[in-house]
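Q: I have a structure open and want to talk it through. Can we start with the overall layout and then go into the details?

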Amino acid sequence: MNKSELIDHIAADADISKAAAGRALDAAVAAVKQTLKKGGTVTLVGFGTFHVGKRAARTGRNPRTGATIKIQSAKIPKFRPGKALKDALN
């Protein structure tokens, strides 16, 4: 499912226009991004939790030349599914 299909699904289920569904989805995604950028977590009970993880600095190799390079540490978004989501899949 891509974004436009998700908007169509939201619009049909919530009985709202596609434009309103698109704005609602964009607002929800923006809220998650903003919260994660501040280092917080977003918990949707029954669905899951979005949080920020940390990837440590490490050394790697350039596959083309074989030269050793340093890879900086980074913050990465992570998702931990909730029990209801796991149960819905099994």
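Q: In what order do the elements of the protein run from the N terminus on?
A: This is a predicted model. From the N terminus on, the order is α-α-β-β-β-β-β-α. That comes to 3 helices and 5 strands.

Q: Compact globule or more spread out?
A: More spread out than a compact globule, because the radius of gyration is 19 Å, well over the 12 Å that the globule rule gives for 90 residues. The C-alpha trace spans about 55 × 30 × 30 Å along its principal axes.

Q: And how much of the protein is buried?
A: Buried residues make up 14% of the 90 residues. The protein exposes about 7,200 Å², and carbon and sulfur atoms supply 57% of that area.

Q: What share of the contacts comes from residues 24 or more positions apart?
A: Counting contacts with a separation of 6 or more, 28% are between residues 24 or more positions apart.

Q: Which residue stands opposite Leu 44?
A: Gly 48 in E2.

Q: What about the hairpin, how many residues sit between the strands?
A: The hairpin of E1 and E2 has 3 residues between the strands. Gly 46 in this hairpin takes a positive phi near 90 degrees.

Q: How many bridges join E2 to E5?
A: 8 bridges, with the two strands running antiparallel. E5 is residues 74-81.

Q: Which residue in E5 is the bridge partner of Phe 50?
A: Phe 79.

Q: Where do side chains point in a regular strand, as a rule?
A: They alternate between the two faces of the sheet.

Q: What is its phi, positive or negative?
A: Asp 15 has a positive phi of about 55 degrees, although it is not a glycine.

Q: Is Asp 15 buried or exposed?
A: Exposed, because its relative accessible area is 70% and the cut-off for exposed is over 50%.

Q: Last one, charges. How many positive and how many negative?
A: The protein has 17 positive and 6 negative charges. Their mean positions are 23 Å apart.

Definitions and conventions: Residues numbered from 1 in each chain as written. Predicted model: local features only at pLDDT ≥ 70, side-chain atom pairs only at ≥ 80, totals over all residues. Heavy atoms only, no water. Pairing = 2+ DSSP bridges. Helix = DSSP H or I, 4+ residues; strand = E, 2+ residues; numbered from the N terminus. Rg over C-alpha atoms; globule rule 2.2 N^0.38 Å. Buried < 20%, exposed > 50% of the residue type's maximum accessible area, 1.4 Å probe, protein only. Contact = heavy atoms within 4.5 Å. Areas by Shrake-Rupley, 256 points an atom, 1.4 Å probe, with all protein chains shown as cover. Lys, Arg positive; Asp, Glu negative; His and termini not counted. Charge placed at Lys NZ, Arg CZ, Asp CG, Glu CD.
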